[in-house]
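Please open the model in a viewer and keep the selection tool at hand. The stops below are given in the order in which they may be selected.

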Amino acid sequence: MTTDTPSPAPHPADSHDLIRVHGARENNLKDVSVEIPKRRLTVFTGVSGSGKSSLVFDTIAAESQRMINETYSAFVQGFMPTLARPEADLLEGLTTAIIVDQQRMGADPRSTVGTATDTNALLRILFSRLAEPHVGPPGAYSFNVATVSASGGFRVERGAEKTKTEKVTFNRTGGMCVRCEGRGSVSDIDLTQLYDDSKSIAEGAFTIPGWKSDSVWTVGVYAQSGFLDPNKPIREFTEKEMRDFLYGEPTKVKVNGVNLTYEGLIPKIQKSFLAKDKEALQPHIRAFVERAVTFTTCPDCDGTRLTEAVRASKIAGISIADACAMEIRDLAEWVRGLDEPSVAPLLTALRGTLESFVEIGLGYLSLDRPAGTLSGGEAQRVKMIRHLGSALTDVTYVFDEPTIGLHPHDIQRMNELLLRLRDKGNTVLVVEHKPETIAVADHVVDLGPGAGTAGGTVCFEGTVAGLRASGTVTGRHLDDRAALKEEVRKPTGALEIRGASANNLRDVDVDIPLGTLVVVTGVAGSGKSSLVHGSIPADENVVFVDQSPIRGSRRSNPATYTGLLDPIRKAFAKASGAKPALFSPNSEGACPACNGAGVVFTDLAMMAGVATTCEECEGRRFQASVLEHRLGGRNISEVLAMPVTEAEEFFSAGEARTPAAHRILQRLADVGLGYLSLGQPLTTLSGGERQRLKLATHMGDKGGLYVLDEPTTGLHLADVEQLLGLLDRLVDAGKSVVVIEHHQAVMAHADWIIDLGPGAGHDGGRVVFEGTPADLVAARSTLTGEHLAAYVGASGA
């Protein structure tokens with residue numbers, strides 16, 4: 001046997017081992033140039049708002065996706081999201097990008113963990129093959145498929161003049177519960193919240209927000225429809241009138257010479273209020289919906305969403321509803337016990353998916369858990385499931401803070417998964433703040449030095465050891481360790497929770513001390529959110545700041561969202577004698593050419609749309625006449641372009657002094673958003689920035705108890721200190737603060753810790769420790785205690 005001697009020159013194909021970015025200018029990036037090694041784990045760090053996401057997601061991943069989309073036919077591209085080429089001089093060496101971001105999963109009531117990961121599809125096939133009694137094909141086991149039957153005739157032409165009518169019938173068996181239509185819950189509307197039955201329609205019986213007696217579209221339709229007597233009190237309606245009033249079918253009627261549609265009050269309320277996402281409603285309408293509508297478990301299917309026939313069809317005594325309700329680790333065990341050669345490939349695929357859930361630390365979820373109830377971190381890990389067993393290599397995986405919502409104990413697991421993806425021959429890019437994940441990186445890119453306009457440059461590129469010695473903000477804070485408090489605050493009272501049993505909680509009794517900073521912690525899935533959100537009463541005294549996304553169009557910005565624009569408009573109106581509406585780009589003062597958007601959008605079908613700066617207002621969004629009015633020497637467009645810190649100074653003294661605006665700006669600066677410009681579109685903010693914007697807005701509320709859900713999400717190590725200062729100020733002002741948190745710096749800073757566990761799912765749901773952080777470290781009786789002791793550097797007992 002002979003072998004060739006290896007040639008000393010490397011093959012040209014092996015020289016492309018870098019992703020090169022030159023002159024990147026997306027958002028706040030300032031001509032950034034970086035070289036990222038392929039088949040390595042690269043972590044991007046930097047303070048919140050420094051440009052990490054702009055470089056990784058909006059430049060590298062966006063260009064990779066755009067180029068892949070261009071390989072499809074124009075017809076297919078017409079159905080895909082159109083992506084513009086990122087602002088960069090050169091992007092080279094890109095590979096296929098798979099983005100695993102922290103966008104929450106859609107809150108569609110029919111979307112569950114099982115449907116979102118395609119696990120339900122595999123289970124449905126399994127049951128359609130093995131379950132007894134047999135119900136039908138896989139669709140018969142789906143709660144998204146309704147049972148349909150139809151019959152009719154169609155004419156068949158045979159020969160020159162012969163036609164024959166043939167009868168056809170069509171049947172489709174679905175698993176959808178008829179009563180709740182596959183939602184698992186039914187809505188019950190409290191009629192007393194809709195109208196006062198002692199009054200007539202003409203006397204203003206309706207108590208629905210926005211339903212004014214002079215409105216033709218709402219009240220007018222009922223008053224002039226001819227179906228009802230508008231002058232008779234509602235309680236005196238006949239049975240037929242009541243039926244028409246509440247449940248009438250849609251019918252065309254003429255009101256004041258206009259053709260309108262009359263329909264019963266219940267379906268009208270369902271379409272106008274209940275069909276929309278509750279979070280997207282205005283606060284007063286949301287309050288009305290919460291008052292008027294109660295959602296109860298469907299009595300027909302008992303919340304399983306499935307018909308009785310499907311629930312009776314079983315494999316080894318387990319129905320598909322039982323399988324979806326099990327914790328995934330238990331379901332994996334059950335599937336492992338099935339031995340049926342006829343469906344062997346299916347069982348192998350199903351086992352692989354379920355084991356991926358367990359491996360990634362989500363074994364405590366069940367497949368029937370609604371997708372909208374997952375936290376940002378859980379949603380991100382559910383999206384990872386698809387990629388763990390993938391045979392693809394030389395792919396670029398892009399992660400956005402994959403450790404969000406993870407207990408320090410679980411972060412180690414996540415690191416192993418990232419390294420496993422890398423070791424398969426993939427490029428792994430991670431945007432991250434946690435030192436535990438930064439520590440396992442092969443290569444680090446640190447952006448900064450500041451946020452917003454003060455960021456957008458590369459401060460450091462190299463190894464983790466090099467970052468530590470570099471003197472950048474991240475390098476200096478990498479080994480920061482918060483010390484335990486020497487003295488904790490004394491509680492002013494206690495909020496008693498008794499017998500809490502939501503989700504996996506086991507009859508938990510706990511007292512939450514008031515007037516202090518309380519941290520509720522525990523591994524992911526131990527029952528923290530169930531305890532806090534399920535047991536603390538939602539009244540006007542409690543302010544919840546959760547991770548639900550802020551909804552807003554590109555016209556929404558920090559000034560409109562926080563209510564800051566109102567006092568600013570009034571101040572301009574007072575100074576100039578003009579109407580306040582002139583000083584809003586969404587109202588009378590808007591530039592007529594671009595309708596106040598500042599840019600003109602040209603839709604180019606399947607190609608990326610083009611946004612060009614409006615020639616009329618040159619991107620300033622206002623009519624020229626509005627910009628002539630000045631306050632403190634600045635026009636409204638210049639004020640909206642100011643960063644928060646500059647605006648805070650501007651509105652604090654002199655001619656522009658506006659206390660109402662100054663208060664809101666102070667709160668924005670307090671939560672670490674001093675670098676945001678007042679008019680920056682909300683669509684460009686990161687997840688962490690949005691949550692802090694929400695916190696700043698709620699800080700003005702009258703509540704005495706603040707409940708925060710992982711406020712350190714998206715926060716750089718250096719910013720956590722500022723957040724702790726803010727929490728201290730809230731408590732010192734007489735408020736009580738309860739924080740669901742995994743960050744050890746927040747735990748160390750707490751006055752009181754409630755630790756849930758010991759594990760996740762049915763292994764959790766119990767209080768395993770209550771006391772001060774110092775006691776938790778001294779006892780080391782829980783996983784949290786061990787990690788906190790290691791973090792603060794407590795020496796072993």
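**First stop: Gly114**

Select Gly114: leaving aside residues up to four places away in sequence, Gly114 touches Thr119, Asn120 and Leu367, where contact means heavy atoms within 4.5 Å. The model is predicted, so local features need pLDDT of at least 70 and side-chain atom pairs count only at pLDDT 80 or more, while totals for chains, interfaces and linings use all residues. Residues are numbered from 1 along each chain as its sequence is written, and side-chain values use heavy atoms, with hydrogens and water left out.

Gly114 lies in helix H3 (residues 113-116); helices (H or I, at least four residues) and strands (E, at least two) are DSSP runs numbered from the N terminus. Gly114 is buried because its relative accessibility is 0%; buried means under 20% relative accessible area, exposed over 50%, and partly exposed in between (1.4 Å probe, protein chains only).

**Second stop: a nonpolar patch**

Next, select Tyr72, Phe75, Val76 and Phe79, which make a nonpolar surface patch of about 470 Å². Patches are made of residues with over 30% relative accessible area and no salt bridge, joining like charges within 9 Å and nonpolar side chains (Val, Leu, Ile, Met, Phe, Trp, Tyr) within 5 Å. Areas follow the Shrake-Rupley method with a 1.4 Å probe, and for residues only the protein chains shown count as cover. Phe79 sits in the loop between helix H2 (74-77) and strand S4 (90-92), and is exposed at 66% relative accessibility.

Move to helix H6 (residues 239-247) and helix H7 (residues 265-274), whose axes come within 4 Å and cross at roughly 10°. H6 is therefore roughly parallel to H7, a term for angles under 35 degrees. Axes are lines fitted to C-alpha atoms, for helices over the stretch in contact, with angles from 0 to 180 degrees between N-to-C directions. Phe245, Leu246 and Tyr247 of H6 meet Leu265, Ile266 and Pro267 of H7.

Select Arg336, which is partly exposed at 38% relative accessibility. Its side chain forms a salt bridge with Glu333 (2.9 Å, N to O); the term requires a side-chain nitrogen of Lys or Arg within 4 Å of a carboxyl oxygen of Asp or Glu. Both residues lie in helix H11 (residues 328-336), three residues apart. Arg336 also pairs with Glu355 in a salt bridge (3.0 Å, N to O). That pair links distant parts of the chain, with Glu355 in helix H12 (residues 344-359), 19 residues from Arg336.

Note on methods
Parallel < 35°, antiparallel > 145°, perpendicular 65-115°, else oblique.
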